Amino acid sequence: QVQLVESGGGLVQAGDSLRLSCAASGRTFSRYVMGWFRQAPGKEREFVATISWSGDSTYYADSVKGRFTINRDSAKNTVYLQMNSLKPEDTAVYYCAAARRLGVTIAGDEYDYWGQGTQVAVSS
């Protein structure tokens, strides 16, 4: 069982940066592929970024590539999403997710555990 708690969301202006954190419980955190997803009002949930067990492999949605960075600190059982050059279209609830699998995945239904989400709002 893994519990995930996101933090770091807030209201910022376009061009600003935010760093989201996802703290995970459980001693097997290092065995989980971690991902970030987001859901804007009236839209479906969409993939943002994912990172492998070791942190060596990452993958990003085209919409955030070059602006967002995912990384993990296994000693702290935490995964981060650094978001730079934020745009109004990045406004959404951001969710952290964990998948007990070997390789990274962008498919939400392959993730086993989800956090409650943290709101990010970007004004123009």
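Guide: Contact here means heavy atoms within 4.5 Å. This is a predicted model, in which local features need pLDDT of at least 70, side-chain atom pairs count only at pLDDT 80 or more, and totals for chains, interfaces and linings use all residues. Residues are numbered from 1 along each chain as its sequence is written, and side-chain values use heavy atoms, with hydrogens and water left out.

Visitor: Which residues is T78 in contact with, leaving aside its neighbours within four places in sequence?
Guide: They are S21, C22, A23, F29, N71, R72 and D73.

Visitor: Why is T78 called buried?
Guide: Buried means under 20% relative accessible area, exposed over 50%, and partly exposed in between (1.4 Å probe, protein chains only). T78 has 9%, so the residue counts as buried.

Visitor: What makes C22 and C96 a disulfide?
Guide: A disulfide is a pair of cysteine sulfur atoms within 2.5 Å. The S to S distance of C22 and C96 is 2.1 Å, so the pair meets that rule.

Visitor: Why is this disulfide called left-handed?
Guide: The torsion about the S-S bond of C22 and C96 is about -75°, and therefore the disulfide is left-handed.

Visitor: How do you know whether C22 is buried or exposed?
Guide: C22 has 0% relative accessibility, so this cysteine counts as buried. C96 is also at 0% and counts as buried.

Visitor: What makes strand 7 and strand 8 a pair?
Guide: Two strands pair if DSSP finds at least two bridges between them. Strands (E, at least two residues) are DSSP runs, numbered from the N terminus. Six bridges join strand 7 to strand 8, so the two strands pair, and they run antiparallel.

Note on methods. Helix = DSSP H or I, 4+ residues; strand = E, 2+ residues; numbered from the N terminus.
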